[in-house]
Amino acid sequence: MPRPILATIHPAAFRHNLERVRRAAPDARVWAVVKANAYGHGIERVFDGMRSADGFALLDLAEAQRVRDLGWRGPILLLEGVFEQRDLELCSRLDLWHTVHCNEQIDMLATHKTNVPQRVFLKMNVGMNRLGFMPERYRAAWTRLNALPQVDEISLMCHFSDADGPRGVAQQMAVFAAASRDLPGERSLSNSAAILRHTVDPAQAALHPEALVVSDWVRPGIVLYGSAPDYPEHSAADWALQPTMTLAAKIIATQALDTRDSVGYGSSFVADKPMRIGVVACGYADGYPRICPTGTPVLVDGVPTRTVGRVSMDMITVDLTPVPQAGVGSTATLWGRAANGTVLPIDDVAVCAQTVGYELMCGLALRVPVEVAA
């Protein structure tokens with residue numbers, strides 16, 4: 001019998017979350033961001049749930065090839081562009097659109113031999129200070145690209161650093177607008193947080209000068225996977241999002257503790273009264289964070305309870321006090337949706353691990369079996 005742990009991917013939740021994005025930005029086309037193997041979910045597993053998107057955005061050529069192999073004939077955008085000259089040949093063969101964020105990438109295009117001009121997205125650095133041309137150099141970069149016969153249409157893009165917090169996007173939006181004024185081309189501006197927090201219909205823009213006018217393309221990432229981009233200010237439920245991944249494992253043993261009995265390595269948890277605990281077949285080797293302390297939420301047979309003691313490589317111990325009928329064979333939902341419909345948001349677990357839901361999704365271990373829900 002295989003070890004009793006399973007991650008379940010929910011295509012219906014992807015469809016729901018994608019529709020949630022469309023309601024927030026009804027006039028924009030949607031890039032479904034599937035970088036990092038679809039945030040750990042698996043590109044092949046999420047494709048059916050996301051195929052109503054207008055395009056797929058990702059990082060590397062191997063992932064782009066996988067999307068094409070699934071039958072996708074629409075736009076695919078390389079978010080970091082190409083890394084070396086020969087990448088442009090595959091861009092031509094796979095019909096990929098790609099980001100241009102530095103002069104070296106323009107140099108590669110200038111010496112690329114092709115009969116088919118390429119669609120590029122010229123990126124501006126509006127304050128994230130990772131990728132992109134500084135605003136004062138942006139127009140010169142556009143002029144260079146526009147003069148190249150290897151380049152077809154040029155779209156304009158940027159990335160907001162503080163869309164999920166109080167600083168918002170107004171200042172960076174103003175920088176982008178000033179530096180790109182009068183330049184032709186479609187715009188792609190909004191990430192998940194900007195879509196949900198700062199987007200208004202263009203007809204209402206004058207009434208909300210602090211908000212972001214809908215751009216031609218939006219780039220939702222984490223929101224498609226059912227995690228709130230601005231947790232804990234808002235939860236996934238606040239944004240009407242559904243979890244796309246459930247991690248669950250069975251209880252494989254129980255123990256009866258007396259007062260002052262300890263649990264696990266380092267005896268970090270000591271019972272203050274008699275209690276039962278369950279031993280769950282999941283640990284940090286499965287991708288559950290070792291740093292999660294006593295009190296991290298978990299569902300047992302759909303009932304909320306907590307972890308106790310340290311997370312070990314292969315096991316977690318949980319408090320069975322709220323669910324006295326539970327025993328060997330009961331299901332512990334580590335994040336996602338339990339069989340009774342109760343949801344444990346991945347963000348609630350991530351905050352206990354001092355991280356974000358993105359990392360838990362991407363950190364699912366290869367040894368964990370994965371199935372796709374019907």
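This is a predicted model: local features need pLDDT of at least 70, side-chain atom pairs count only at pLDDT 80 or more; totals for chains, interfaces and linings use all residues.

Visitor: Noted. How many helices and strands does the chain have?
Guide: There are 11 helices and 21 strands. The C-alpha atoms fill a box of roughly 75 × 45 × 35 Å along the principal axes.

Visitor: And what share of the residues is buried?
Guide: Of the 374 residues, 53% count as buried. The chain exposes about 16400 Å², and carbon and sulfur atoms supply 53% of that area.

Visitor: Let us turn to the helices. Which residues of helix 5 are buried?
Guide: In helix 5, Asp87, Leu88, Leu90, Cys91 and Leu94 are buried. These residues cover an arc of only 160° around the axis, so they sit on the same side of the helix.

Visitor: What does the face turned away from that side carry?
Guide: That face of helix 5 carries the exposed residues Glu89 and Arg93. Just after the helix, aspartate 95 takes a positive phi of about 55°.

Visitor: Which elements do the buried residues of helix 5 pack against?
Guide: They pack against helix 4 (61–69), strand 4 (76–78), strand 5, helix 6 and strand 6.

Visitor: Helix 6 is on that list, then. Which of its residues are buried?
Guide: Helix 6, residues 103–110, has Gln105, Ile106, Met108 and Leu109 buried. Seen down the axis, they fall within an arc of 155°, and therefore line one face of helix 6. The partners of these buried residues are helix 5 (87–94), strand 5 (97–100), strand 6 (118–124), helix 7 (135–146) and strand 7 (151–158).

Visitor: Now some single residues. Where is asparagine 125 found?
Guide: Asparagine 125 is in the loop between strand 6 and helix 7. Its relative accessible area is 7%, so asparagine 125 is buried.

Visitor: Which side chain does it join in a polar contact of 2.9 Å?
Guide: That contact is with the side chain of asparagine 129. Not counting residues up to four places away in sequence, asparagine 125 touches Leu131, Gly132, Phe133, Met134 and Pro135.

Visitor: Changing topic: is threonine 244 buried or exposed?
Guide: Threonine 244 counts as buried because its relative accessibility is 1%. This residue is found in the loop between strand 11 (217–218) and strand 12 (245–257).

Visitor: What does its side chain contact?
Guide: The threonine 244 side chain makes a polar contact of 2.8 Å with the side chain of histidine 41. Beyond its neighbours within four places in sequence, threonine 244 is in contact with residues including Thr8, Ile9, Asn17 and Tyr225.

Visitor: Last one: why does valine 343 count as partly exposed?
Guide: Valine 343 counts as partly exposed because its relative accessibility is 35%. Valine 343 lies in strand 20 and, leaving out residues up to four places away in sequence, touches Pro243, Leu299, Gly336 and Arg337.

Terms used. Residues are numbered from 1 along each chain as its sequence is written. Side-chain values use heavy atoms; hydrogens and water are left out. Helices (H or I, at least four residues) and strands (E, at least two) are DSSP runs, numbered from the N terminus. Buried means under 20% relative accessible area, exposed over 50%, partly exposed in between (1.4 Å probe, protein chains only). A polar contact is a pair of N or O atoms within 3.5 Å; within protein, one must be able to donate a hydrogen and the other to accept it, and residues adjacent in sequence count only if both atoms are side-chain atoms. Contact means heavy atoms within 4.5 Å. Accessible areas come from the Shrake-Rupley method with a 1.4 Å probe; for residues, only the protein chains shown count as cover. The arc is that of the directions from the helix axis to the C-beta atoms.
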